[in-house]
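Keep the structure open while you read.

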Amino acid sequence: MLRRIDAIRILMEYITDELIVCNIGFPSRELYHIKDRPENFYMLGSMGLCSSIGLGLALSLDKRVIAIDGDGSVLMNLGTLSTIGHTKPDNFILYIIDNSAYGSTGNQKTQTETTSLKDIARACGIDAIEVSQKEELRRVIKESLNGNRTKIIVVKVEPYNEKVENIPLHPMCIKFRFIESIKYHKNNNKNNNKNNNKNNKINKSMKDEIIII
Ligand SMILES: [Mg+2]
């Protein structure tokens, strides 16, 4: 059976410049360990709201947003599935890593052995799928990134926390470099319609800024 870190690692194989909002605790630590980037927003609080923050970003930006959430968090904010199904931004993917446990607090059991988040999402009108095998997961991720519709991917994994260090970034750094990466991509899109040479200079300059932050 897959572990959460496998599910994150496989997702990150296909990520280019997408914005990622990641659930608090071990999911964020594991994502940082696999691939840190300014476009990753590591949550340090607000458990349950990863999908809501991701949805808000997707609704307000012309950019693909992926929320890496957990079963425990989605269960404590089930209304989010109704809101996602109602708004359906075509640039939003909710990637629920379902280990049937509250992993970061000691793997206490959740109710997803009897409650299907995929079925609830479908009842909310969302294109949702549940996967547990590596190759199927790769196929679903590729299709979802190439597609143009709201998608929920529920990845069934075993409860296991990888032994990874805490994220060494200051919370303000996580916040501001994420904001700067959004500005960078916004400017990048805008400048694509202008002179390419000028565009390259601006991008280089802004990229340097992000690295410094
Ligand atoms: Mg969980």
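## The enclosed strand

Strand S3 has six of its six residues buried, so it is largely enclosed by the rest of the structure. Here, buried means 20 or more other C-beta atoms within 10 Å of a residue's own, exposed means 12 or fewer, partly exposed is in between, and C-beta atoms are placed from the backbone. Strands (E, at least two residues) and helices (H or I, at least four) are DSSP runs, numbered from the N terminus. Val 65, Ala 67 and Asp 69 point one way from S3, while Ile 66, Ile 68 and Gly 70 point the other way, all of them buried.

A word on the source: this is a predicted model, where local features need pLDDT of at least 70, side-chain atom pairs count only at pLDDT 80 or more, and totals for chains, interfaces and linings use all residues. Residues are numbered from 1 along each chain as its sequence is written.

## The sheet around it

Which strands make up the open sheet, and in what order? There are six, running S2-S1-S3-S4-S8-S7 with parallel pairing; two strands pair if DSSP finds at least two bridges between them. S2 (40–42) and S7 (127–131) sit at the edges with a single partner strand each, so one side of each has no neighbour in the sheet. On average, neighbouring strands are turned by 15° against each other, direction ignored.

S3 is joined to S4 by six bridges, with Ala 67 partnered by Leu 94 in S4. S1 and S3 pair over four bridges, also in the parallel sense, and Ile 20 stands opposite Ile 66 in S3. Three bridges then take S1 (residues 19–22) to S2, where Val 21 has Phe 41 as its bridge partner.

## Helices H1 and H2

The axes of H1 (residues 4–12) and H2 (residues 26–34) come within 10 Å and cross at roughly 45°. Axes are lines fitted to C-alpha atoms, for helices over the stretch in contact, with angles from 0 to 180 degrees between N-to-C directions. That makes H1 oblique to H2, given that under 35 degrees counts as roughly parallel, over 145 as roughly antiparallel, 65 to 115 as roughly perpendicular and the rest as oblique.

Arg 4, Ile 5, Ile 8, Arg 9 and Met 12 of H1 make the contact with Pro 27, Glu 30, Leu 31 and Ile 34 of H2; contact means C-beta atoms, placed from the backbone, within 7 Å.

Terms used: Contact = placed C-beta atoms within 7 Å.
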